[in-house]
Amino acid sequence: MLALVGLLTALRLAWLATSPIDLYGDEAQYWIWAQDPAFGYYSKPPLVAWAIHLSTALFGPSEFAIKLPSALFHGGTALVLAAIGRDLSGPRVGFWAAVLWAVTPAVQISALIISTDPPMLFFWALALHAFLRALRVEGMGWWVAAGLWAGLGLLSKYAMVYFLLSAALCLAASPGLRPLLWRRLPVTAGVALLLLLPNILWNLGNGLATFRHTGDNANLGGRLFNPDELLEFAGAQFAVFGPVTMLLLLLALHAAWRGQGQPAVRRLAFFVWPTLAVALAIAFLSRAHANWAAPAYVAATVLVADWAVARGWRRLLGWTVAAHAFAGLLLMAGPPLVRQAGYELPARYDPWRRVRGWSDLGRQVTELRRQHPQAGLLVDSRLTLASLVYYVRPFAFDVVKWNPDGVANDHFEMTTRLDPDPVREFVLLSGREDPAEILARFERVVPLGPVVVPIGPDRDRRHHAFLVGGFRGYR
């Protein structure tokens with residue numbers, strides 16, 4: 001098992017080291033945060049930036065170093081799930097839990113991009129391991145350990161709070177464990193909140209920026225009751241976890257609901273269905289991204305492995321792992337192999353189309369800045385801005401975000417400012433077909449032409465560049 005997880009992780013690292021895939025805007029933004037380690041940032045807690053800061057300090061500011069923590073976190077999660085499965089049901093369940101996680105469809109994508117999910121899922125697995133140990137061992141040690149891991153999970157992504165909710169429901173639903181709900185779990189929650197305290201204080205000093213953004217993501221102020229969004233989200237979960245493993249999970253949850261199986265294994269269900277229920281409810285009331293249910297699949301992987309092994313379905317597990325692994329190989333090797341065969345993959349079939357072309361855009365904007373060295377850089381899109389900060393050479397840390405309403409809706413609107421100035425000039429890059437509203441606020445406007453980046457034989461990414469000067473103000 002260790003060798004197999006290590007091999008998969010090594011293959012991902014090799015792909016990251018040799019792949020021409022660029023950083024997406026969110027990934028570039030996390031790298032920008034990592035240049036200034038802090039206890040909080042506009043839209044996310046700080047741990048993803050800390051991880052990038054460490055990896056780039058060791059290996060330099062390459063795409064490989066920026067994405068490296070994701071592959072390592074997912075490999076670590078697989079090993080922790082092996083330990084949980086072994087503790088609950090023996091080495092066979094531990095083996096299949098680790099392997100199933102390593103090739104879960106969503107994990108195979110997530111391990112190749114940097115985001116807040118991989119560290120949060122890793123710490124969720126560690127917290128689950130500690131919590132389950134705490135139920136079997138006297139003393140406070142494992143309860144404190146669960147709190148430490150939960151706190152680091154909260155510093156990764158606030159969805160870690162579902163872990164504490166799940167733990168409370170697990171204890172409340174078990175008469176023999178119910179006293180621990182008041183005697184032990186508060187210690188775990190207290191330690192977790194103590195670790196989160198610096199981020200809470202950062203938020204208090206920055207207008208509760210991350211908390212407000214997290215709430216805005218739920219979008220509960222819009223039209224309520226969206227059955228189409230609910231169906232789309234529910235269907236996406238079969239792609240996230242895999243169709244066979246999702247069906248096995250539903251069977252295992254049903255069996256746990258009916259009281260079948262070992263009590264220790266049935267407790268895993270409490271770390272699955274609350275997260276799924278909350279995500280489904282948000283999808284119905286508004287909309288939910290497919291990865292919002294990701295924490296549920298940590299315990300779900302062990303539950304599925306135990307359910308299948310107990311029924312002698314190891315061959316089914318083997319075929320499922322093989323199918324998922326083959327899909328992962330296609331994800332990494334498919335587009336280059338098609339290109340080597342002399343074909344250009346249409347953009348709509350290219351799984352990496354969103355991350356193509358950003359380095360090319362950076363080269364073209366670098367040339368524009370070379371031609372106008374006195375000018376700053378002004379951009380009207382967060383994702384484009386973040387990518388340009390990384391891909392313009394030298395790094396364009398002086399870039400400014402266009403923000404006509406004056407409200408900070410992202411990191412760059414919170415940290416950059418454009419004041420009226422009759423002299424200062426900018427290279428303006430806009431993705432709008434007609435940026436007349438922006439151009440009207442400047443005294444001098446010189447078109448520099450379109451900036452076109454092909455991202456496939458049938459699609460390109462198009463921006464319009466202008467040299468602008470004499471900003472009059474937004475009003």
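**Figure 1. Helices α4 and α7 pack at about 20 degrees.** Helix α4 (residues 63-89) and α7 have axes 8 Å apart and an angle of about 20 degrees. Axes are lines fitted to C-alpha atoms, for helices over the stretch in contact, and angles run from 0 to 180 degrees between N-to-C directions. Helices (H or I, at least four residues) and strands (E, at least two) are DSSP runs, numbered from the N terminus. The two helices are therefore roughly parallel. Angles under 35 degrees count as roughly parallel, over 145 as roughly antiparallel, 65 to 115 as roughly perpendicular and the rest as oblique. The crossing of α4 past α7 is left-handed. That term applies if the near helix is turned anticlockwise from the far one by less than a right angle; clockwise is right-handed. Contact residues of α4 include Phe 73, Val 80, Ile 84 and Asp 87; those of α7 include Leu 121, Phe 122, Leu 126 and Arg 133. Contact means heavy atoms within 4.5 Å. By class, this contact has 15 nonpolar, five polar and two charged residues. Ala, Val, Leu, Ile, Met, Phe, Trp, Tyr, Cys and Pro count as nonpolar, Asp, Glu, Lys and Arg as charged, and the others, Gly among them, as polar. The model is predicted: local features need pLDDT of at least 70, side-chain atom pairs count only at pLDDT 80 or more, and totals for chains, interfaces and linings use all residues. Residues are numbered from 1 along each chain as its sequence is written, and side-chain values use heavy atoms, with hydrogens and water left out.

**Figure 2. Helix α7 also meets helix α9.** The axes of α7 (residues 117-134) and α9 (residues 161-172) come within 11 Å and cross at roughly 25 degrees. That makes α7 roughly parallel to α9. Here α7 passes α9 in a right-handed crossing. Trp 124, Ala 127, Leu 128 and Phe 131 of α7 touch Tyr 162, Phe 163, Ala 167, Cys 170 and Leu 171 of α9. This contact has nine nonpolar, no polar and no charged residues.

**Figure 3. Helices α19 and α20 cross at roughly 70 degrees.** The axes of α19 (residues 358-371) and α20 (residues 382-391) come within 9 Å. The pair is therefore roughly perpendicular. From α19, the contact includes Trp 358, Leu 361, Arg 363 and Val 365; from α20, Thr 384, Ser 387, Leu 388 and Tyr 391 take part. The class count is five nonpolar, five polar and one charged.

**Figure 4. The second largest pocket holds about 350 Å³ of space.** On a 1 Å grid over the protein atoms alone, a pocket is an open set of points where a 1.4 Å probe fits, with protein on both sides within 12 Å along at least five of seven lines; lining residues have an atom within 4 Å of a point. Grid points are joined across faces, edges and corners, and the volume is the space filled by probe spheres set on the points. Helix α14 gives the most to the lining, with four residues. Both α14 (243-257) and α15 (263-266) supply at least two. Among the lining residues are His 254, Trp 257, Arg 266, Phe 270 and Trp 273. The lining divides into eight nonpolar, two polar and two charged residues.

Figure 5. A cis peptide bond joins Arg 393 and Pro 394, with omega about -5 degrees. Leu 208 is not a glycine, yet has a positive phi of about 55 degrees.
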